[in-house]
Amino acid sequence: MIRQISADYIYPVSSKPIKNGILTYDDQSGKIISLEGSKSETSSSVEHYSGILVPGFINAHCHLELSHLKGQIPTGTGLLPFLKAVVTLREFPQEVIRQAIEAQDQAMWEAGIMAVGDISNKIDTADCKRKSPIRYSTFVEFFDFMQPHLTSKFVSQYLEVYQNFQPKKDDKLSAVPHAPYTVTADLFNEINSINSPLDIVSIHNQETVHEDDLFLTGTGGFPSFFKDFGFDFSTFSPTGKPSIYYAMENMNPHNKTLFIHNTKTLASEIQAAENWSENKIFWVSCPNANLFIENKLPDYSLFLAQNAKVCLGTDSLSSNWQLSILEEIKTLSKYCSYLDFDTLISWATLNGAEALGMSDTLGSFEPGKTPGILLLENLSEDKKIKAETTVSRIC
Ligand SMILES: [Zn+2]
């Protein structure tokens with residue numbers, strides 16, 4: 001059935017917001033038919049909502065397979081104690097893991113999320129993703145703890161995950177490195193050989209000061225962190241440059257690349273990455289996870305100053321309280337009030353859709369797209385997101 005809806009504001013994202021605009025769409029397929037300015041005589045068939053209509057959200061970084069770890073790990077410890085806590089947690093029954101994955105997939109859908117860029121080390125999420133209304137770009141993540149003698153063992157382990165994933169139509173699958181500090185140059189080569197240049201890749205980047213310390217001078221917490229796990233780190237030689245340069249030297253600039261976290265990334269490094277892979281860099285920010293783990297946020301003004309494309313992610317429930325893009329927007333509105341509503345909504349929708357290669361159908365209200373339609377309610381008078389702001393799915 002064709003429906004016509006109107007709201008105080010409609011945010012197409014790809015064009016200017018429309019006050020009292022009218023959105024016409026097919027509620028079977030979700031396809032947008034047209035978008036018009038307000039009419040003086042509004043027909044009675046138009047349903048009016050008080051609030052703001054925005055396209056469905058994109059969660060550009062998640063680890064759905066860790067959903068059972070909600071509430072298991074202390075906050076504010078810093079990345080190295082956090083990673084240690086994750087690695088040394090007891091094993092959970094497979095049924096608990098499966099149920100948590102399904103519950104969170106459903107919770108993300110209800111919270112208005114249309115597509116997810118999801119890191120997977122295991123096959124646990126494959127069945128759920130095939131059945132889900134959410135579109136997934138699965139990033140099968142490889143690491144070898146910087147141990148050259150373990151590279152081939154880990155390649156076969158993660159290649160098996162990659163080969164068994166079998167994504168549904170319109171979903172995506174690629175092989176990705178975990179982070180500069182856990183991937184040898186040989187493993188980067190193996191990952192590059194699995195992907196085609198059209199594939200999208202991601203890497204965790206500059207989430208803690210220890211990461212740059214390791215690459216600059218071989219100092220910081222990482223050498224003893226690895227030693228605690230029985231890994232020999234004496235063969236590692238510092239590059240003398242921040243960690244992101246090691247990533248760029250070893251990744252394929254022809255792939256679209258999502259750098260995740262970037263809490264320590266400097267203006268010069270943003271510029272270097274933008275030059276390295278022109279028009280193909282996305283900076284994914286997971287503010288709640290950054291506060292959860294290190295109690296720090298990136299300096300977003302550096303990214304805005306260079307017109308760098310930022311999008312939003314939730315990271316996993318091991319380092320977040322919920323998987324909700326609206327909650328990420330609330331955090332940014334509260335701690336970085338220089339980020340206005342329009343900027344945050346574009347990060348949460350169109351930028352994320354472009355990052356995941358899904359902007360042909362998602363991310364904005366444009367005729368022919370099926371972006372999902374969300375209603376934001378309880379905003380402040382001047383269109384500011386408040387703690388009380390809610391999201392509901394119209395379509
Ligand atoms: Zn992550």
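These are my notebook entries on what I looked up in this predicted model.

**Entry 1: overall build**

I began with the whole protein. I counted 14 helices and 15 strands in it. Next I checked the radius of gyration, which is 21 Å; the globule rule also gives 21 Å for 395 residues, so the protein is as compact as a globular protein of that length. The C-alpha trace spans about 75 × 40 × 40 Å along its principal axes. I also noted that buried residues make up 48% of the 395 residues.

Then I looked at contacts between residues at least 6 apart in sequence. Of these, 72% join residues at least 24 apart.

**Entry 2: two domains**

The domain assignment gives domain 1 as 2-54 + 378-393 and domain 2 as 57-362. I found their C-alpha centres 33 Å apart. How many residues of domain 1 are in contact with domain 2? I got eleven, and they meet twelve residues of domain 2. On the domain 1 side, I sorted the touching residues into six nonpolar, two polar and three charged.

**Entry 3: the core**

I turned to the largest nonpolar core, which has 104 residues. Among the residues with the most contacts inside this core are Leu 23, Leu 53, Ile 58 and Val 284. The core takes at least three residues from each of domain 1 and domain 2.

Leaving out residues up to four places away in sequence, Val 284 touches Ala 60, His 61, Leu 258, Phe 259, Ile 260, Cys 311, Gly 313 and Ala 355. One of these partners, Cys 311, is also listed with the residues that have the most contacts inside the core.

**Entry 4: helix H1**

Helix H1 covers residues 79-87, and I found Leu 79, Phe 82 and Leu 83 buried there. Why are these residues on the same side of H1? They cover an arc of only 95° around the axis, which puts them on the same side. A handy reminder for me: an α-helix has 3.6 residues a turn, so residues three or four places apart point the same way. The buried residues of H1 pack against helix H6 (209-217) and helix H10 (287-293).

**Entry 5: Ser 268**

My last stop was Ser 268, in helix H9 (residues 267-276). Is Ser 268 buried or exposed? It has 10 C-beta neighbours inside 10 Å, so I put it down as exposed, since the cut-off for exposed is 12 or fewer. I also checked Ser 268 against Leu 302: they are 34 residues apart in sequence, and their C-alpha atoms are 9.4 Å apart in space.

Notes. Residues are numbered from 1 along each chain as its sequence is written. This is a predicted model: local features need pLDDT of at least 70, side-chain atom pairs count only at pLDDT 80 or more; totals for chains, interfaces and linings use all residues. Domain bounds come from an automatic or database domain assignment. Two residues are in contact if their C-beta atoms, placed from the backbone, lie within 7 Å. Ala, Val, Leu, Ile, Met, Phe, Trp, Tyr, Cys and Pro count as nonpolar, Asp, Glu, Lys and Arg as charged, and the others, Gly among them, as polar. Helices (H or I, at least four residues) and strands (E, at least two) are DSSP runs, numbered from the N terminus. The radius of gyration is taken over C-alpha atoms; the globule rule is 2.2 Å times the number of residues to the power 0.38. A residue is buried if 20 or more other C-beta atoms lie within 10 Å of its own, exposed if 12 or fewer, and partly exposed in between; C-beta atoms are placed from the backbone. A nonpolar core is a set of buried Ala, Val, Leu, Ile, Met, Phe, Trp, Tyr and Cys residues joined through C-beta atoms within 7 Å. The arc is that of the directions from the helix axis to the C-beta atoms.
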